[in-house]
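Subject: Handover of a structure and findings

Dear colleague,

I am passing the structure below to you for your reading. Please look it over first; my account of it comes after.

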Amino acid sequence: MIVFDLKLALFVLLLLLAALIWLAGTAVSHRRHIFSLPTSSSNQTLDAAPVGLLLLNRQTAVTYANAPAQRLLTGEIRAELLRDAQSLPAERPTSHYRVFNLAADRAISWWIYALERGSLVLLTDLSRQRQIEHASQLFLSNLSHELRTPLTAVLAHLEVLRTPDLPDAVHDNSLRLIHQETNRIARLVQALLDLGRLETTAELERRPVDLLLLAEEAIADVILEAETRQIAITLQADTGLARVLADPDKLKQVFLNLLDNGVKYGRPHDKIVVNLQKQPGAVSVVIQDSGPGIPAEHLPHIGKRLYRASADVAGSGLGLALVGEILRRHQSELIIESNTEGEETGTAVRFTLPAI
Ligand code: ADP
């Protein structure tokens, strides 16, 4: 995510530089008309710019605004910006940069370059950047919390183990809890590493994959755990399924995480059905379970990093985030439907991959 941000920032910076060089060139060759309205052919190009571009005359009235500037220049922003432009010192040329915060996750920046005959304004919407910053702060604070809980338990039980003449039962219980909590930390760290590795991998190694074989392999990996929990898994597939272009290891991870959830959250005698269906030019995968389902208030957040709806079952809250990321890298997306009411409770997760 950080890599993407840097790339975007560099891209915007380059475009800003290009815009400035272009304007400087125009200023040199048409010194008298530096702030005249762009022609209709250059209008289209400027409308596609990733920044808002404004021209103000000497009276700070707007004489030109490209499409992004028109979108950004709403009431409050317009008033503030024009006030800034009017209050610039009389000696020209001069420039002024400001970040205008509208809300916690909404901010606009402007750079005003004032000359004799008017001003050029570059407007940038910083809202997306703010949202990313906010999401990563939230992620870090959730992560600290997720790590602190098992660590506190481990430290507490290590203290217990230091007690002299500790009864065997208490000793064994503390050891069991230390083992359980360190496993929880290890799972979390592993999931974080997987997610981080995926985000820093430029290209996935895709090749033709037989989804039926892949689903069979993944089911074989979880079947023992499912049987222990008395949960039945069935595989249904249309005949003559086309192969898909995918990274087989990553795609197997998708099946494993989804099946693992069905097993983990399932109750004895629940069922999981994996369905592979032919679609025009694609293959769709549906994994439906008859488990307790996900309460409606949690559904919109499921798949966000570290978000968990059931605290009583061990998990990292990163499994679906990883699934979502892998599918995104395959130009696909995870759709989750769930029902917690009545007799027919359960969760269905589905995604579609283009056939080759
Ligand atoms: P976790 O490691 O907690 O399982 P996930 O990202 O895989 O993390 O899942 C996020 C949350 O979604 C889980 O904590 C659980 O509350 C809910 N969930 C996911 N799959 C199911 C399912 N098949 N049945 C019920 N709840 C589920």
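The notes that follow describe the model as a whole, then its sheets, its cores and a few individual residues.

**Basis of the description**

This is a predicted model, in which local features need pLDDT of at least 70 and side-chain atom pairs count only at pLDDT 80 or more, while totals for chains, interfaces and linings use all residues. Residues are numbered from 1 along each chain as its sequence is written, and side-chain values use heavy atoms, with hydrogens and water left out.

**Overall picture**

The protein chain holds nine helices and 12 strands; helices (H or I, at least four residues) and strands (E, at least two) are DSSP runs, numbered from the N terminus. Of its 356 residues, 38% are buried. Here buried means under 20% relative accessible area, exposed over 50%, and partly exposed in between, with a 1.4 Å probe and protein chains only. Among contacts in the chain with a separation of 6 or more, 61% join residues 24 or more positions apart; a contact means heavy atoms within 4.5 Å.

The mean pLDDT of the chain is 89, and 88% of the residues reach 70 or more; pLDDT is the predictor's confidence in each residue, from 0 to 100. Over residues 27-34, however, the pLDDT is below 50, and this stretch has six contacts in the model beyond near neighbours in sequence. Where pLDDT is low, the predicted coordinates should not be read in detail.

**The sheet E2-E1-E5-E4-E3**

Five strands form an open, antiparallel sheet in the order E2-E1-E5-E4-E3. Two strands are taken to pair if DSSP finds at least two bridges between them. Strand E2 (62-65) and strand E3 (94-103) are at the edges with a single partner strand each, so one side of each has no neighbour in the sheet. Neighbouring strands are turned by 20° against each other on average, direction ignored. Axes are lines fitted to C-alpha atoms, for helices over the stretch in contact, and angles run from 0 to 180 degrees between N-to-C directions.

Within this sheet, strand E1 (residues 52-57) pairs with strand E5 (residues 118-125) in the antiparallel sense over six bridges, and leucine 54 stands opposite valine 121 in E5. Helix H4 (residues 75-86) packs on the sheet, touching E1, E2, E3, strand E4 (106-115) and E5, and its direction makes about 30° with that of E4. Helix H5 (residues 127-161) lies across E3, E4 and E5 and runs at about 140° to E4.

In the loop between E3 and E4 lies alanine 104. With 74% relative accessibility, alanine 104 counts as exposed. Its C-alpha atom is separated by 8.4 Å from that of histidine 134, 30 residues apart along the chain.

**The sheet E7-E9-E10-E12-E11**

Another five strands form an open sheet of mixed pairing, in the order E7-E9-E10-E12-E11. The edges are strand E7 (232-237) and E11, each with a single partner strand, so one side of each is left without a neighbour in the sheet. The twist averages 15° from one strand to the next.

Strand E9 (residues 271-279) and strand E10 (residues 282-289) are antiparallel partners over eight bridges, and leucine 276 has valine 285 in E10 as its bridge partner. Helix H7 packs on the sheet, touching E7, E9, E10 and E12, with its direction at about 175° to that of E7. E11 and E12 form a hairpin with six residues between them, and glycine 342 in the turn has a positive phi of about 65°. The pairing of E11 and E12 is antiparallel, over five bridges.

**The cores**

The largest nonpolar core has 44 residues, of which Leu211 and Phe255 touch the most other members. A nonpolar core is a set of buried Ala, Val, Leu, Ile, Met, Phe, Trp, Tyr and Cys residues joined through side-chain atoms within 4.5 Å. Helix H7 (residues 211-228) gives the most to this core, with seven residues. Apart from it lies another core, of 18 residues, including Leu72, Ile77, Phe100 and Leu123.

**Helix H9**

Nine of the 11 residues of helix H9 (residues 319-329) are buried, so the helix is largely enclosed by the rest of the structure. Its buried residues pack against helix H6 (168-200), helix H8 (248-265), strand E11 (335-339) and strand E12 (346-354). Glutamine 331, which follows H9, has a positive phi near 55°.

Yours sincerely
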